[in-house]
Amino acid sequence: MSSVLYDTPGPRAKRRNVILSVVFFALLLLLAWWVWTALDDKGQLEWSLWKPFTQSETWTTYLLPGLGETLKAAALAMIIALPLGAVFGIARLSDHRWVRGVAGTVVEFFRSIPVLLLMLFANEVYARSTDVGTENRPLYAVVTGLVLYNAAVLAEIVRAGILALPKGQTEAAQAIGLRKGQTMALILLPQAVTAMLPAIVSQLVVIVKDTALGGVMIGFTELLSERATLAANYANVIQSFVVVAIIYIIVNFLLTSFASWLEKRLRRSKKSTGAVLGATDMEEMNPAAVGGTFGTGGEGGGPGGFTFSKKP
Amino acid sequence: MFDFLSDYDNPTLLGAFWMTVKLTFFSGIGSLVWGTVLAAMRVSPVPLMRGFGTAYVNIVRNIPLTVIILFCSLGLADIFHVTLGASDFKIQGFRLAILGFTAYTAAFVCEAVRSGINTVPMGQAEAARAIGLNFTQTLRLIVLPQAFRAVIGPLANVLIALTKNTTVAAAIGVAEAAYLMKEMIENEAQTLLIGAVFAFGFVVLTLPTGLILGWLSKRLAVKR
């Protein structure tokens, strides 16, 4: 056993564990039975309510187009936020105090605002001061909100990725006469991007989950709002929630698994410098998913934490 | 310029942010308790409990919070008539939102606490057992004090994220900050000003929390 809390169990501990297992199993069964009867009481187990999900029209009319919109918004947001985040992440490591200050303020500002407010705001701005059509506006607003927020989070990932590289990299680059920009573009960034890949992929989970806000609050026709249409059609609220939740779990589970596979692979490969930012490092920066937060965990540096300049 | 702020009295601006704070407070306490229980399950020697803890965390973390909150309202309240002892619709929405936030945030609290327990080196517990302390004594005197000091930082992050996540309650009509902002922004002309007011409100709520708890976590960290 690899836990600090208990030894490899002896005969007495084994017996105790068996008893605890049995009791816990009984409790779980009780819970399952309770849920089952509650569902049955309200007639939620009737086949007619579940049947729509076995028919292909349900999927082609509601669920798959909704999932498509969800993934489209997530992909767009990631593609736009990534370069933006890189710029701000690098700016936060600048040698010039004012560049650091401005970039830091922008990043901390957008990280401390709920992504829902950003979406609501963007939606209204598009409605009033642009000629984006009504049918495109929710998508635009959702992507804008996600980009503003996630660019700030990605900036922190980029910063952490660059800081995680061994100091010798910069020193060697300076020794062969590279300028600051060259050091960043040729030496640090390519390595940092590799190190950051798992963290970037796991950030996608956060983005996919956040698209659901757009569905409820500003009428974006993504998976969750398609669920409402579907449930209105077949009167299967509970069932549609269950199915939609399962779809989200599968998509996000695939992304998480891919991220940790990538992380393991990168840690193993001999070419890398050993600096890999995984999903767990990410959680320090951006834990409870719908929103992220400040990198207060460990040495990552708190708000306005440490900078890259090596002056004493 | 700020005239419009006084036109709203259900809720008022301060009332809406007070609702945000209340949601955060109660969900914070709830998720701390439930999350610690889950963490205890995940590190327990009983495989079935570990399995349950792992399954809960992995499932709940991958569902959007919006889905959970909406389910609490449309599923639990409308179909199963779960009212949580509430007398009217408003209180019911408030309590259901807390239930949803607690269920969701607990998964993240669990992960934070578990990582805290993992920061305690094996040798400490081995040494504790060597001087004859039993399981509870090891846990109470050696492991947990160090673990909790190690997780202040991550828990602060969870708390800040929770503060921002409470805006999702607007989706089921709880009159908190995002709800009021949506209403104002649709009725008033000063979009930018309203956005700035609410953004400022959240910066005021989250920035000090991050700074204070970040400072605290550095001060209390066990230096190894």
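Guide: In this predicted model, Glu108(A) and Arg92(A) form a salt bridge, and their closest N and O atoms are 3.3 Å apart. Side chains of opposite charge can pair when their charged atoms come close. Where do the two partners lie? Glu108(A) belongs to helix α4 of chain A, whereas Arg92(A) sits in the loop between α3 (56–91) and α4 of chain A, so the pair ties together parts that are 16 residues apart in sequence.

Are these two residues buried or exposed? A residue counts as buried when its relative accessible area is under 20%. Glu108(A) has a relative accessible area of 10% and is therefore buried. Arg92(A) is buried as well, because its relative accessibility is 6%.

Glu108(A) also takes part in a salt bridge with Arg111(A), in which the closest N and O atoms are 3.4 Å apart. Here both partners lie in helix α4 of chain A; they are three residues apart, which means that about one helical turn separates them. Arg111(A) is buried too, with a relative accessible area of 1%.

A pairing in chain B may be set beside this one. Arg114(B) and Glu111(B) meet through their side chains in a salt bridge, with 3.3 Å from N to O. These residues are three residues apart in helix α4 (residues 89–119) of chain B, so they too are separated by about one helical turn. Glu111(B) is buried, at a relative accessible area of 14%, while Arg114(B) counts as partly exposed, at 24% relative accessibility.

Through salt bridges that share partners, Arg92(A), Glu108(A), Arg111(A), Glu156(A) and Arg159(A) are joined into one network. Over all chains, a search of the whole structure finds twelve salt bridges.

Chain A contains eleven helices and zero strands. Of the 312 residues in chain A, 48% are buried. Among contacts in chain A with a separation of 6 or more, 72% are accounted for by residues 24 or more positions apart.

Residues 18–36 of chain A are 100% helix and 0% strand, with end C-alpha atoms 27 Å apart. Residues 237–262 of chain A are likewise 100% helix and 0% strand, and their end C-alpha atoms lie 37 Å apart. For chain B, the unreviewed UniProt entry lists "domain: ABC transmembrane type-1" at residues 17–213. This span of chain B is 81% helix and 0% strand, with 21 Å between its end C-alpha atoms.

Finally, how do the two chains meet? In the model, 62 residues of chain A are in contact with 69 residues of chain B. About 5800 Å² of area is buried between chain A and chain B, and carbon and sulfur atoms give 73% of that area. How many salt bridges are counted between chain A and chain B? The count is zero. Among the elements that give two or more residues to the side of chain A that touches chain B are α1 (11–41), α4 (97–111) and α10 (237–268) of chain A. Helix α4 of chain A, which holds Glu108(A), is thus one of the contributors to this side. The element that gives the most is α10(A), with nine residues. By residue type, the side of chain A that touches chain B divides into 39 nonpolar, 14 polar and nine charged residues.

Methods
Residues are numbered from 1 along each chain as its sequence is written. Chains are lettered from A and ligands numbered from 1 in the order in which they are written. This is a predicted model: local features need pLDDT of at least 70, side-chain atom pairs count only at pLDDT 80 or more; totals for chains, interfaces and linings use all residues. Side-chain values use heavy atoms; hydrogens and water are left out. Helices (H or I, at least four residues) and strands (E, at least two) are DSSP runs, numbered from the N terminus. UniProt positions are given in the numbering used here, feature names are shortened, and annotations may be inferred rather than shown by experiment. Contact means heavy atoms within 4.5 Å. Buried area is the accessible area (1.4 Å probe) that two parts lose on being put together, summed over both. A salt bridge is a side-chain nitrogen of Lys or Arg within 4 Å of a carboxyl oxygen of Asp or Glu. Ala, Val, Leu, Ile, Met, Phe, Trp, Tyr, Cys and Pro count as nonpolar, Asp, Glu, Lys and Arg as charged, and the others, Gly among them, as polar. Buried means under 20% relative accessible area, exposed over 50%, partly exposed in between (1.4 Å probe, protein chains only).
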